[in-house]
2 protein chains.
Amino acid sequence: MNFSALHQQVKQQTDASLLKLIEELPDYAPQLKAAMRHALLAGGKRMRPLLVHVVGNTLDVPKKDQMAISMAIECVHAYSLVHDDLPAMDDDDLRRGMPTCHIAFDEATAILAGDALQTLGFSILADAELSDFGDTKRAKLLSILANCAGYHGMCGGQAIDLASTGQTINIDALKMLHRLKTGALLRACVEMIATVCGTLDKQSEADLLVFASNIGLAFQVQDDILDVEGSNEILGKPAGSDEAQGKNTFPAKLGLDGAKEELAVLHEKALQPLTRLPYNTDSLIAFSELLVKRDH
Amino acid sequence: MNFSALHQQVKQQTDASLLKLIEELPDYAPQLKAAMRHALLAGGKRMRPLLVHVVGNTLDVPKKDQMAISMAIECVHAYSLVHDDLPAMDDDDLRRGMPTCHIAFDEATAILAGDALQTLGFSILADAELSDFGDTKRAKLLSILANCAGYHGMCGGQAIDLASTGQTINIDALKMLHRLKTGALLRACVEMIATVCGTLDKQSEADLLVFASNIGLAFQVQDDILDVEGSNEILGKPAGSDEAQGKNTFPAKLGLDGAKEELAVLHEKALQPLTRLPYNTDSLIAFSELLVKRDH
């Protein structure tokens, strides 16, 4: 299967599994259920599930473990987007060409849908039928999810982002911000797969984490570049919104060419440790290219 | 130790442990950290930790397990209060006589603090040093927490509450709402202690859960009564706010006397299964009395 077909397959399987998960919820809170479905299924690229599956396939991790991990991660990712889009945060009306959750529903419902999606992420890992690897690994997965999502990861990064919007911060602070806000969840994809894989040596795990960290930051640099260069139509949201909101971005710090150079450097840093891995890394390389060359 | 001294001790230990937990967070997001501390430490009565300790002591569960459970529950409880108070939700400026989180800080910070506190609840259970009872019980604790917090519990109940505000719902729907919104978390306190207790028979566990369910609903009935009868000063928030907001309440459905009768019936239903338990249930009874007779 070529890489594009794999991505398509992961997207379809993730969409179908998430839809099933939502459909199975009882109907006593129909508005909340609809908002959770909207947030989870409004056309995401499923980059995190793809990363989980690419690393999972590379390490021969069973499909059902891959699926539980990627669904949990995607719930947490979806919750973060719903809350980030709120009027009190980035105040975005559009995402992926669709109305954001608080526009499609209302603010209270969007806050609650985000809350319930975060819980659902933990619920999936706590309850999923996993391979027979014992609950010590399950507990580790939950610990990784909590660590990447909370103060030490995504929430911490978003707080720094809010505090530094309209302020000047240096490039190291900007990198730190995005390592927490975007990078931690991408890194967790790899960390979780490494956790359930029974055969990974320490050096290979460390190499995969270096790959993930650099890819995570590259993802954000490309996001910033697209916000400058992209069109509303392809992005599915207004281009130029970072600058309009006074956000610190890589192009603002380094210039557009400087940001592109930074992207190339991070990409190179991500690929370098792969050369040491005793696995076929073609799909990891393909993933990194998809990520840095995407146009939306 | 008499019951009041036990409550005082639990309150002090919970406050101290939660403060330590927050103090240990790194300082890179100082505003978020301060908001989390405000939400966790602004004078809660610690009824849920007290319930955990009362049931835990009754069943001889080690102190460190009790503490991990009660801290996790309290983080989730605190997050729910921060989000419920938001302008888009109940729009409350005061809680326990203090400014609510979005008033003391701002809305974005309050949303994030709630988010990070929810994550912290899971983090505590995933990472706590527990008694040597194996990770299967730890995974079960995380599953219970997710179940009581998300769509199947607190978030679902809050969604029904929002949807029914200003509408007329019947008494059964009102009970269902509060069994989810308030009851699920109180029930989870007992369910978690029962999970870690190695010696509890099925009938006793069922009896304790009937106690918890009825106590949970009684808690809400008393809350509604206090909102009618209490004074701003003692409540630490404006009395009469339920009616002003068009909330469905037990006094609104049943009249004030009817609500008091319902409270007595629920209290009786809570106490009845305790008579079968092969334990000294004095502190469980004392807890139930504290709960239904409290004035704030």
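Trainee: Where is the place of Arg96(A) in chain A?

Mentor: This is a predicted model, in which local features need pLDDT of at least 70, side-chain atom pairs count only at pLDDT 80 or more, and totals for chains, interfaces and linings use all residues. Residues are numbered from 1 along each chain as its sequence is written, chains are lettered from A and ligands numbered from 1 in the order in which they are written, and side-chain values rest on heavy atoms, with hydrogens and water left out. Helices (H or I, at least four residues) and strands (E, at least two) are DSSP runs numbered from the N terminus. On that basis, Arg96(A) is placed in the loop between strand E1 (94-95) and strand E2 (98-99) of chain A.

Trainee: What is the value of phi of Arg96(A)?

Mentor: Most residues other than glycine have a negative phi. Arg96(A), which is partly exposed at a relative accessible area of 30% (buried means under 20%, exposed over 50% and partly exposed in between, with a 1.4 Å probe and protein chains only), has instead a positive phi, near 50 degrees.

Trainee: In chain B, which loop holds Asp91(B)?

Mentor: Asp91(B) has a positive phi of about 55 degrees although it is not a glycine. With a relative accessible area of 44%, Asp91(B) is partly exposed, and it lies in the loop between helix H4 (63-84) and strand E1 (94-95) of chain B.

Trainee: Is Asp85(B) buried or exposed?

Mentor: Asp85(B) is placed in the loop between H4 and E1 of chain B. Apart from residues up to four places away in sequence, Asp85(B) touches Asp90(B), Asp91(B), Asp92(B), Arg95(B), Thr100(B) and His102(B), where contact means heavy atoms within 4.5 Å. Its relative accessible area is 3%, and Asp85(B) is therefore buried.

Trainee: Which residues is His38(A) in contact with, leaving aside its neighbours within four places in sequence?

Mentor: His38(A) is found in helix H2 of chain A, and at 16% relative accessibility it counts as buried. With its neighbours within four places in sequence left aside, the contacts of His38(A) are Met98(A), Pro99(A), Thr100(A), Cys101(A), Ala104(A) and Phe105(A).

Trainee: How far from the backbone oxygen of Tyr151(B) is a polar atom of the side chain of Tyr28(A)?

Mentor: Tyr28(A) is found in the loop between helix H1 (3-23) and helix H2 (30-41) of chain A, and at 25% relative accessibility it counts as partly exposed. Not counting residues up to four places away in sequence, Tyr28(A) touches Tyr151(B), His152(B), Gly156(B), Ile160(B), Met176(B) and Leu180(B). Between the backbone oxygen of Tyr151(B) and a polar atom of the Tyr28(A) side chain, the distance is 3.2 Å.

Trainee: Are H6(A) and H8(B) roughly parallel or antiparallel to each other?

Mentor: Helix H6 (residues 107-127) of chain A and helix H8 (residues 154-164) of chain B pack with their axes 10 Å apart and at an angle of about 170 degrees, the axes being lines fitted to C-alpha atoms, for helices over the stretch in contact, and angles running from 0 to 180 degrees between N-to-C directions. In H6(A), Ala108(A), Leu112(A), Asp115(A) and Ala116(A) meet Cys155(B), Gln158(B), Ala159(B) and Leu162(B) in H8(B). Angles under 35 degrees count as roughly parallel, over 145 as roughly antiparallel, 65 to 115 as roughly perpendicular and the rest as oblique. The two helices are therefore roughly antiparallel.

Trainee: How is H9(B) directed relative to H10(B)?

Mentor: Helix H9 (residues 171-196) of chain B packs against helix H10 (residues 202-229) of chain B at an angle of about 140 degrees, and their axes are 8 Å apart. That makes the relation of H9(B) to H10(B) oblique.

Trainee: How far apart are the C-alpha atoms of Ala128(A) and Asp172(A)?

Mentor: Ala128(A) is found in the loop between H6 and helix H7 (135-149) of chain A, and at 15% relative accessibility it counts as buried. Ala128(A) and Asp172(A) are 44 residues apart along the chain, and their C-alpha atoms are separated by 39 Å.

Key:
A polar contact is a pair of N or O atoms within 3.5 Å; within protein, one must be able to donate a hydrogen and the other to accept it, and residues adjacent in sequence count only if both atoms are side-chain atoms.
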